Amino acid sequence: MKSDIMKELRMGIRTSKFLVITASFLFFAILTPIMMKFILPQLLLNQFQGMEEATISQMLDMSQKGSLLGYMSDLFEIGTIVVVFALSGLLAQEIKENTLVLPICSGKKLFSIVTSKLVVFSIFLILASTLGMVICYLYAGVLFAFDIELWSVVVIGLLYGGYMIFLLNLVMLFGTIIKSSIGTGFMTLGFSLFLYFIGSYLDVHMYLPSGLLISAQNILANQSYQNLGVTLAISIILVLMISKITHMRLEHREWNER
Amino acid sequence: MIEVKNMKKSFKQFEVLKGLDLNVKHGEIYGFIGKNGAGKSTTMNILAGLSKPTDGVCLVGDVNVSNIMQPSELDLGYLPEDPKFYPWFSAYETLVYLGDSGLERIKPRRIHEILEWGGLLNDKDRRVGTFSRGMKQRLGICSAILHDPSLLILDEPSSALDPQGRNDVLQLIKGLKEMGKTVLFSSHILNDVERVCDKIGIIASGKMVLEKSLKNLEQSHFQSVYDVIFEDVITETTVNCIKSSARVLGTETKEQVMVIKMEEGHESVRSLMQILIDNDLKIVGFNRRKHTLEDIFIKEVHGL
């Protein structure tokens, strides 16, 4: 397992996957407070000439909390796309390119290969989303004022990281079904958005991994941890089930399929 | 070492292998030849444990391939037709990674030895993505012998390489024979097969059409056609003398060279020599033609 973990770490660094995801998270973490403080008010002033700054301040939530809400929105709308497409080839490409054949023939276990990918990129996603959230918190605090507890922000970062881990598992599963990385990316995005839509339409986010995002918003808005336990438990079970199916699909795979 | 009996393999409706028989003995270098699409790679994938036969018996060592869970349960090294490595790994890192199976970890010293054997020691820290096709093939062979298996299955190891790359790979295969390894390798470059193999098997349309040691094959495919080079330009009289023998089936002449087709059998040679001596015909060259592997291949595959 150690050599597989080292391989994934090297891959993440040398193919710039870590860099791309971290850069996009940090970009929005820094840009969102700046947008809130300077750019958006200026845009609104230009758009509605004659409007007073006080009115604009009432229109926008120009605070640390407002910045974090904006960042969370960016992370869901754009961050997920970056994560899904940066990681879409994690298994799909290995299957398409047949790079798993030599390791399997050399005695590597598929369980170890898949688990290493999940472990390395799960830890990375947790760290990246928490770091992004903390940086946004600090920067927004400097620009506005510190009105939220750091601990809550760390929990929010972890919950977003948890949702990203769910996406990672979907990417791995769909990678065993569709050999194309792009196809895997679109399928993952489509499926996750469909789940989010179902969660909103039927008001069942609590029973879906998308509930992690809703819980994060509730924590930020009113320090409410309600239903978080159920959502977390369901998300963990789903992630374990998906990774088991991924592993089973690989185990029963023939490596010269036509 | 390998025993395949009546092996069949289908992909959905398409039957690739239609009852293949194959036997490889310990220490042999076995050349597995056939046209593109004949079923060579499918056979090799099954033997390597990457795929399961639809029907038939396939024993590698004493292990039935149908019963294994992982390819690593077989004591063999495998080189796919187009070995794919992680381009961001160096050659050394690749072998370190492949050498750590969890149960066994190949020591750095052995990895250095293998890289030296494969002629890659000077490039050990270069990323594999920058390697030429020939270097990748050599790295593939290095990875196949990493765990010191007794059997190596090499799928088209010399194809798509330039003459230098092909020569390097063939030298490595000869080296494997010296190590006492059993090697099954496929190719459609018949010259390569002739250079290194002890035994060949020809597959056509999913069936083995010929399996013989190269020595027996050469003997059984000699033909009674002789190229005789005379000292002087051949005259009508000389031709008539040769044709007077009942064993001569036909002749063709061009200046000093006569191609004589004789009846099959050892007596034919003696008879021809007797005619030459009796008529005091002076010759400077006498050669019995033999089939090349290419002739045999075309004959067996196309029935020509």
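Hi everyone, let's start with one helix. In H9 of chain B, the buried residues are B:Ser268, B:Ser271, B:Leu272, B:Ile275 and B:Leu276. If you look down the axis of H9(B), those buried residues fall within an arc of 135°, so they line one face of the helix. Turn to the other side of H9(B) and you find exposed residues: B:His266, B:Arg270, B:Ile277 and B:Asp278.

Before I go on, please keep in mind that this is a predicted model.

Back to our helix. H9 of chain B runs over residues 266-278, which is 13 residues. From first C-alpha to last it reaches 19 Å, close to the 18 Å expected at 1.5 Å a residue. After H9(B) comes B:Asp280, and the phi of B:Asp280 is positive, near 50°.

Where does that helix belong in the chain? Chain B is divided into domain 1, residues 2-218, and domain 2, residues 223-290. The C-alpha centres of these two domains of chain B lie 46 Å apart.

Now for the rings. How many aromatic pairs does the structure hold over all chains? The count is 16. Let me take one from chain A: A:Phe197 and A:Tyr201 have ring centres 5.6 Å apart and planes at 15°, so this pair is stacked. Both residues lie in helix H9 of chain A, residues 181-201, and they are four residues apart, about one turn of the helix. Are they buried or exposed? A:Phe197 is partly exposed, at a relative accessible area of 49%, while A:Tyr201 counts as exposed at 64%.

For another arrangement, go to chain B. B:Tyr86 and B:Tyr97 make an edge-to-face pair, with 6.2 Å centre to centre and 70° between the planes. This pair links distant parts of the chain: B:Tyr86 is in the loop between strand E6 (76-79) and helix H2 (91-98) of chain B, B:Tyr97 is in helix H2, and the two are 11 residues apart. B:Tyr86 is buried, with a relative accessible area of 7%, and B:Tyr97 is buried too, at 3%.

Chain A also has a cluster, in which ring pairs link A:Phe76, A:Tyr163, A:Phe166 and A:Tyr196.

Last, some charges over rings. The charged end of B:Lys9 sits over the ring of B:Phe11, 5.3 Å from its centre. Likewise, B:Lys124 lies over the face of B:Tyr92, at 5.4 Å from the ring centre.

Key. Residues numbered from 1 in each chain as written. Chains lettered and ligands numbered in written order. Predicted model: local features only at pLDDT ≥ 70, side-chain atom pairs only at ≥ 80, totals over all residues. Heavy atoms only, no water. Domains from an automatic or database assignment. Phe/Tyr/Trp six-rings, centres within 6.5 Å; stacked < 30°, edge-to-face > 60°. Buried < 20%, exposed > 50% of the residue type's maximum accessible area, 1.4 Å probe, protein only. Lys NZ or Arg CZ within 6 Å of the ring centre and 35° of its normal. Expected span 1.5 Å × (residues − 1). Arc of directions from axis to C-beta.
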